[in-house]
Amino acid sequence: MPSKSTEDFFDATGDVDIGLSDTNWSATSPISVNTELRIRIKDCHRILTTTFGHSDYKGKQKGIIEAAVAGRDVFVLAPTGMGKSLCFQIPAAADKSGMTLVISPLLALMENQTDGLRRKGVPVASLSSETPANEKQEIHRALMSGQPDFRLLYITPERLASPEFVKLLRIVYRARGLNRLVIDEAHCISEWGHDFRIDYRRIGMFREKFPDVPVMALTATATSSVLNDIIRSLRMSDHDLFIHPFNRSNLFYEVRYASSSDELTKMAEICDYICGLHRKRGKVSCGIIYCRTKNTCNSMSGYLRCKGLSARPYHRGVTPGTLAKTLKEWSTPGGSENGGIDVVVATIAFGLGIDNGDVRYIIHYDIPKSFEGYYQETGRAGRNGAPSKCILYYSRDDLSQVQRWVADSLRDRVQTAEDFQCSGPSQRSVSSLEKLALYAENTDICRHISICRYFGEDIDERDVKGYCDMMCDVCKYPDKTRKRKEKLGGPLLESRTIQSRPPTNVMMNGTRSNVLNENGKRTIGSTTSINPQPVSSITVKKLKITEYSKPLVTKPHNSAASLLKPFKAPFLKREKSTTEIVAASSSTDMETPPLRWSESKSGSSVSRLEPDSAEERINDGIASSAVPNFMLPDIDIELEEPSSGKVPFTMRHDAVNSIRRTIHRMFMEREELWDRLKNTLNVSARYVILSLHSIWSTNPNRLWVFRSPSAHLIASTATEIEFVSIFCFSSTPEGYQERLKKKIVALGLLKNEQPWKDDIGQESYEDAHEAVEILRRLSRCT
Ligand SMILES: Nc1ncnc2c1ncn2[C@@H]1O[C@H](COP(=O)(O)OP(=O)(O)OP(=O)(O)O)[C@@H](O)[C@H]1O
């Protein structure tokens, strides 16, 4: 079979276009379907079900495994969490003799995988600097026998480069015991191989030394040029290329904009988010917070621990023993409820390959250094398919810092390359960071689409639904997201036009690579492409560091602690002008200036919500005075069980806003009601008050910091009421509406004394009392 060099795949720019066609794999398969092969393929399926406990293959696993079993070179480019590990673990475990050699970049990753395999009874070994001497000896002995008794051996690229190890491999090879070479996280070849870990570039020598041993490379993060580079470096030819779509549709991507890095507010906000999630789910949730520096990891995890959350730092400054313990405790199902931990605050040391199915959120405390890093790290979330949130904190201050860091590091690498007279490092790191900043700053294009496009996927913008069903901030709250971006300050980016995708000659969607040659003819695989659109242009922004306006305020947090004085309901009076409304301070707000709610002043930190016409829709039939028509503070509402089909999402969202309005109004009419909640604050709430005081004394817009928590409290209360008292009891939209109306009327009683008493007396106050209970409970959570 003629060699299919990667040049066939890509155009001169080295970029790839990806289309998918689930076509005639069996028709074009070079596998001779002989009995032996069939038996081995059957064995693989048996191992999938019995050893790994999965009922069926996921994505293109079947095709990949069949190609591997048939002895072909295979390249797998598939999203995080797709199940790439099984693509080589199953064929290795199915082999009756010999071993698969796995190159892995990180010791933690090796450990993670070998532990998992051992638990499943698969004979596996790993050789690293951490391997105890006696174990090393045993492995050496096994290799010298030519027929090791383990089916997989995990090593680092550095070990593969050692002549002693290659000698051992030769013995195994001659005894026909070297079944396959696997390069997991193969993008490291291109990312690190040029300078940082040059032994990655030497893996290609394997082909010369052991020419007929098949090679499999797998990665989740390779642009077309990286893919090209890897294939060339590994000297793969006549390989099967499996490309999956990159989209992770169960991940909700959100960017939180900040005008500056106000650490304390950010920490408080993250803490609130996690507390809120635990509360809403009624159980603890597992997550990761990524920080750039070890110090930030320590501060953030210390802060969370102070607040009663079970958090640990994970970075190279922590001893290996403690890191292993942290990983184990974090992987404990049920987290802190079962003696484990809930959140790891980590540097990138905790990334590649970490596989815990039930990770519900990933927070980037600061911007990662590359798009690939961002995608890999967010890829730790939702690996069991459940919806999960990925929040990226973005400020231009922070971006400038990383840009400097990346530029310095590039300069050092250039210097090293000059000193050693070798080829210079690629500029990819700079461009990747630039693209990540563009992604963060773009509030017009769906985040899912932006990510997939970065990795070269060809997407028709009209197909947004196919990629994102309200699973990013841009699609879910476009106006709000744009408004929030205003926090970034003055213009930093200048428009320019670039190609949204490169000229194409590889299509995705097949179980095999579908290659077009320079004449546009397919050389193998199927004959039709799914996405034959012409190259289109989109307008994106180019980074240019300029002066930008000073920070205003960072996003408020909703610590109920701030329900202490000064206590004001953070809503707007109906009668006030919509362009500029001044919320009057009470006489107790001694230190606080009046709060300005301004409609469109550039850089305003307080955004105004559009009058909610949806309110009218839902409140048909409710006494017109029941739901006041004023503007609500701009707060994200996250519904419990967001994907339920029984009541439309918009109806539920509108309902929460109706409830919020009603409660706000009650507090507006009887401000002294806040005093009733004050007593419920606990000790840690007071700690927050102290923290807030320090923000207050330095922040000219401090009033917002104090006032916003009550708005968040009301929003959380409304969300809970909607879910617990309305949604859970309704099976149809009609029933839901009926319940909502009754609830709204009942909430109107909140301004009376009775629902606030322990003995409510009349039954008619029951619903309002329930709301009081929720308010009290939530106000205790800081
Ligand atoms: N056929 C399958 N059916 C169900 N679940 C599967 C299947 N194959 C793999 N999984 C699960 O998918 C999860 C992700 O698998 P794996 O760690 O191999 O992903 P990956 O593609 O290597 O991701 P990453 O690139 O992020 O490391 C694992 O929890 C695994 O158990």
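Buried means under 20% relative accessible area, with a 1.4 Å probe and protein chains only. Strands are DSSP runs (E, at least two residues) and helices likewise (H or I, at least four), numbered from the N terminus.

This is a predicted model, in which local features need pLDDT of at least 70, side-chain atom pairs count only at pLDDT 80 or more, and totals for chains, interfaces and linings use all residues. Residues are numbered from 1 along each chain as its sequence is written, and side-chain values use heavy atoms, with hydrogens and water left out.

Q: Why is strand 8 largely enclosed by the rest of the structure?
A: Strand 8 covers residues 251-257. It is largely enclosed because the buried residues number 7 of the 7.

Q: Which residue of strand 13 is the bridge partner of Arg 256?
A: Strand 8 and strand 13 (residues 388-394) run parallel and are joined by 7 bridges; two strands pair if DSSP finds at least two bridges between them. Leu 251 stands opposite Ser 388. For Arg 256, the partner in strand 13 is Tyr 393.

Q: Which strands stand at the edges of the sheet?
A: The open sheet has 6 strands with parallel pairing, in the order 8-13-12-9-11-10. Each edge strand has a single partner strand, so one side of each is left without a neighbour in the sheet. The edge strands are strand 8 and strand 10 (311-314).

Q: How much of the ligand's exposed area does the protein bury?
A: A polar side-chain atom of Ser 85 lies 2.8 Å from a ligand oxygen, and a backbone N or O atom of Gly 83 lies 2.9 Å from an oxygen atom of the ligand. Taken alone, the ligand exposes 640 Å² (Shrake-Rupley method, 1.4 Å probe). The protein buries 84% of that.

Q: Which helix gives the most residues to the shell around the ligand?
A: The shell divides into 6 nonpolar, 7 polar and 7 charged residues, with Asp, Glu, Lys and Arg counted as charged, Ala, Val, Leu, Ile, Met, Phe, Trp, Tyr, Cys and Pro as nonpolar, and the others, Gly among them, as polar. The largest contribution is 3 residues, from residues 84-94, which form helix 4.

Notes. Polar contact = N/O pair within 3.5 Å; in protein donor to acceptor, adjacent residues only side chain to side chain. Buried < 20%, exposed > 50% of the residue type's maximum accessible area, 1.4 Å probe, protein only.
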